Amino acid sequence: MSEVMSEAMGEKRSTPAAPESPPGKEARRLVERVRRRLWLERAVGLARPALWLAAAAAAVGGSVHLAWRAHSGAASAIAAAGILVAATALALLGRRPSLESAAARADGWFGGRDLLASAVDLLRRPADEHAGAAAFVLERADERAAAWRGELRRRRGALGVAGLFAPLVALALAGFLHRLPGAPAEGRGPAPPDSSTRLAADAPPLQTGEAAADGSMNVWGEAAGRAAEAPGPGREGPGPRPSGPDSSPSGAEGGALHRAEARAPGEADPARAGSSPAGATSIPGHAAAGDTWGTQPMPRDPLETRFVDMEGRAVGNEAATRGEGGVELAERTPASPGDPAAGTPWPAAGGLTEVRARESLSPSLRGYVDAYQQAIRGLE
Amino acid sequence: MTHNTLGHDEIEAFRADFQRLESALGQAIVGQERTVRELLVAVVSGGHVLLEGLPGLGKTHLAKGLANAIGHPLARVQCTPDLLPSDITGSEVLVHAEGTPGPELRFRPGPLFASLILVDEINRATSRTQSALLEAMQERQVTHGGTVYPLPSPFWVIATQNPIELEGTYPLPEAQLDRFFFKCEVRYPDQGALARIAAVSLDEEPADHVPLILGGGRIDEMMKQTREVVIAEPVVRSAIALVLATQPDEAGSSRLARRHIRYGASPRALQTLLRAARVRALAEGQGHVAREDLRAVALPALRHRVLLNVESEVEGVAVDDLLERILEQWDAAH
């Protein structure tokens, strides 16, 4: 019993001394800690190659996905997870290091000179088999263990957790491969609309028809250039593309205008596809007349404003395509071999004679059409 | 199983006495600190020592100084080819005793009946004389005329031999060598040690002036204390592994042993290792044997218990070098 004098109270009271721990308890506790640490080290040691393997599996899956889009990512995710689960199970179910080996390792770490190993060995034996120096050894082991406990805390780096960083990064990067758009697969069609790979590169190619496929697009550009250079009164008069803000390449709608200019002559205007007669194709992702954009009506294609009658009055799209008081420049020509109008020569037999109300065209527009026809014939 | 408690005070006293002894001998035999320590470890272990070295290195003086330090008289036997066994064990002589009708034969003990015996140039004695030492060293007794005479306890034999001038010598057989606890190499001192030798032993012999360090049976007490040192099972296993590593044919033998060694260390080598390691542990102030104690005593304990094969002898392989390499492998494995 130890006595504690309480000066404030002026009384003497005795408190029971803390019970002495049995010899070797501290040493055993430290060895147990080291044992757990070794177990953890083994787990980390297993985790490192497992993570590398998982990263490799994910990378292979990602590469396949990028190259052929033949891999959804689920398989590689399952493979990676399987490897990690197997490693974890191995670490958890594997035999824990023995106390003896833990003591030997601790002695190695702290320069214990086999003190802990001796203490653990003594604790394992019955007391009557102890040598004369056993008590001294256990006592010293307890003293040292108390000092080494702090050192053990400072040995966190020995776990090798930092070594997991590289494989974890590799695993994350390999997983990111699956988030990248894969290459379009042959004959596989477009990616699902909700797929993260639905990017511009994934969109199905525009059906520009043979004209575009065989380079007619450039021909059209050349022809248009020649038409622009052709002499005629139309040069001075209002052209088919009315001047104004709509035709300004730098305008907000200039992009739409350019898109229309780049379109092949026989190609249906996607903006008008919804209102075009038979043969018109609705292209996913392209707006059609009458579509709404939220609660607002879809902005109209500026090209639609070009349809004017002889008096310069604007006419509707449908009216124009029907030829009601307008031109039918946008009359559709076959776009693809599968089109019902396939095989129809373009310009149709007779050239522009089939264009109704040719005579009703303004002189400048007529000159433009003539130049265009001439250019096409020259090409033929 | 009863034990004498070996506590902190006892261990500290042991360490202090050992260091005093070591220091006293180290001052007398300059430049042989390692040999002095090995000799003391063997002596406190109760083992016999074979000192091997060139003439003039202080082997005899070392034995003399030890005798003075531990307070045990030194008996000296100078071996020559004509030395007879009875010259060392003793012989019967005619004695005219009072009260007897006539002279009678009585056993006169030889120099072996001393606690500390210096057998100088043991390899110059004949095999017959050498073998007379076998019983004395191992059994600590002498048999003469059918009568057994026990030798005093403690009993130490310190033998010396010269590694050169082998003509006319009788190399110790393996059985004889195995009875020596340690074989200590007395190496040539370095330049600094030579300067100190010139300073301290020019006109007088320092070994003659070594004071009594451990009197009153202290050395016996120390020898008993060594038995109380803890040797954990893993350490014993390490010692066994070390002995097995020198075996050419046993399981656990090393590749080096299979290639170079004809006969490896005996089970007595294992006992020697552990006993010597206990002493070293106490000398270091520890109550338990560590692997580093085994490592420290391995060379003197094993070098005379390992026999090289013919090929290695022809190649000039040194036993110490071979053992060092085996010890390196053992260190790495344990």
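At roughly what angle do the axes of helix α1 and helix α2 of chain B cross? Before I answer, a word on conventions: this is a predicted model, in which local features need pLDDT of at least 70 and side-chain atom pairs count only at pLDDT 80 or more, while totals for chains, interfaces and linings use all residues. Residues are numbered from 1 along each chain as its sequence is written, chains are lettered from A and ligands numbered from 1 in the order in which they are written, and side-chain values use heavy atoms, with hydrogens and water left out.

The axes of α1(B), residues 8–28, and α2(B), residues 33–45, come within 10 Å and cross at roughly 135 degrees, the axes being lines fitted to C-alpha atoms over the stretch in contact, with angles running from 0 to 180 degrees between N-to-C directions. Helices here are DSSP runs of H or I with at least four residues, numbered from the N terminus. The contact, meaning heavy atoms within 4.5 Å, involves residues of α1(B) including B:Phe14, B:Phe18 and B:Leu21, and residues of α2(B) including B:Val36, B:Leu40 and B:Val44. By class, this contact has eight nonpolar, one polar and two charged residues, where Asp, Glu, Lys and Arg count as charged, Ala, Val, Leu, Ile, Met, Phe, Trp, Tyr, Cys and Pro as nonpolar, and the others, Gly among them, as polar.

Let me turn to B:Arg218, which is found in helix α8 of chain B, residues 218–225. B:Arg218 is buried, with a relative accessible area of 12%, buried meaning under 20% with a 1.4 Å probe and protein chains only. Leaving aside residues up to four places away in sequence, B:Arg218 touches B:Ala13, B:Phe14, B:Asp17 and B:Gln225.

Note on methods:
Helix = DSSP H or I, 4+ residues; strand = E, 2+ residues; numbered from the N terminus. Buried < 20%, exposed > 50% of the residue type's maximum accessible area, 1.4 Å probe, protein only.
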